[in-house]
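Colleague: I am new to this structure and would like a close look at one part of it, the aromatic rings. Please also place that part in its surroundings.

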Amino acid sequence: MKGSIIAGAVVAALGLLSMGVLGFVLYYLTYPIHYPLFGDINDWEGTDLFWPSIIWAGMLWAVCFPVAGYLDGRLMRARQGRVLRAISYLAILWLGGGLVWIFVAITSGYRFPASGFI
């Protein structure tokens, strides 16, 4: 758990210091989760919040690391194998990244293409 908290702090710092690169990479890694809802990020319209949004997404993703660490600890106490624990950890990070982008998209004031969900 301690390692996950440290990793979360490092990711939060990288989300800011990378000037949005982390958030943009996270956007494309979690594309299958949010694309059906909002379409491509290049089609989003609205206020000029693109850069702050991708920085924010990279920083908010850090919250997923302690959550994944907590689940890993629970699985370790339940004597689950390393493979299951690793898959669970990565799944939490991937799904969490998708949820972070959904949150950022909804709260940033964008308008989405007509084919999008929202």
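Modeller: What follows begins with the aromatic rings and then turns to the core and a few other contacts. The model is a predicted one.

The structure holds seven aromatic pairs. One of them joins Y27 and Y28, with 4.8 Å from centre to centre and 90° between the planes, an edge-to-face arrangement. Y27 also pairs with Y31: the ring centres are 5.6 Å apart and the planes stand at 75°, so this pair is edge-to-face as well. An angle over 60 degrees is what counts as edge-to-face.

Are these tyrosines buried or exposed? Y27 has a relative accessibility of 0%, so it counts as buried. Y28 has a relative accessible area of 38% and is therefore partly exposed. Y31, at 23%, is partly exposed too. The cut-off for buried is under 20% relative accessible area.

W101 leads on to the nonpolar core. The largest such core has 24 residues, and W101 is among the four members that touch the most others, together with W44, W61 and L93. Helices α2 (21-29), α3 (31-38), α4 (50-60), α5 and α6 each give two or more residues to this core. The most come from α6, which gives seven residues.

Leaving aside neighbours within four places in sequence, W61 is in contact with V11, L22, L26, L93, G96, G97 and V100. A search of the whole structure finds one salt bridge. The side chains of R85 and D72 form it, with 2.8 Å from N to O. R85 lies in helix α6 (residues 82-107) and D72 in helix α5 (residues 64-77), and the two are 13 residues apart. Both R85 and D72 are buried.

One more tyrosine deserves a mention. Y110 lies in strand β2 (residues 110-111). With a relative accessible area of 12%, Y110 is buried. The C-alpha atoms of Y110 and E45 are separated by 5.5 Å, although the two residues are 65 apart along the chain.

Note on methods
Residues are numbered from 1 along each chain as its sequence is written. This is a predicted model: local features need pLDDT of at least 70, side-chain atom pairs count only at pLDDT 80 or more; totals for chains, interfaces and linings use all residues. Side-chain values use heavy atoms; hydrogens and water are left out. A salt bridge is a side-chain nitrogen of Lys or Arg within 4 Å of a carboxyl oxygen of Asp or Glu. Helices (H or I, at least four residues) and strands (E, at least two) are DSSP runs, numbered from the N terminus. Buried means under 20% relative accessible area, exposed over 50%, partly exposed in between (1.4 Å probe, protein chains only). Rings of Phe, Tyr and Trp (its six-membered ring) pair if their centres lie within 6.5 Å; planes under 30 degrees apart count as stacked, over 60 as edge-to-face and the rest as tilted. A nonpolar core is a set of buried Ala, Val, Leu, Ile, Met, Phe, Trp, Tyr and Cys residues joined through side-chain atoms within 4.5 Å. Contact means heavy atoms within 4.5 Å.
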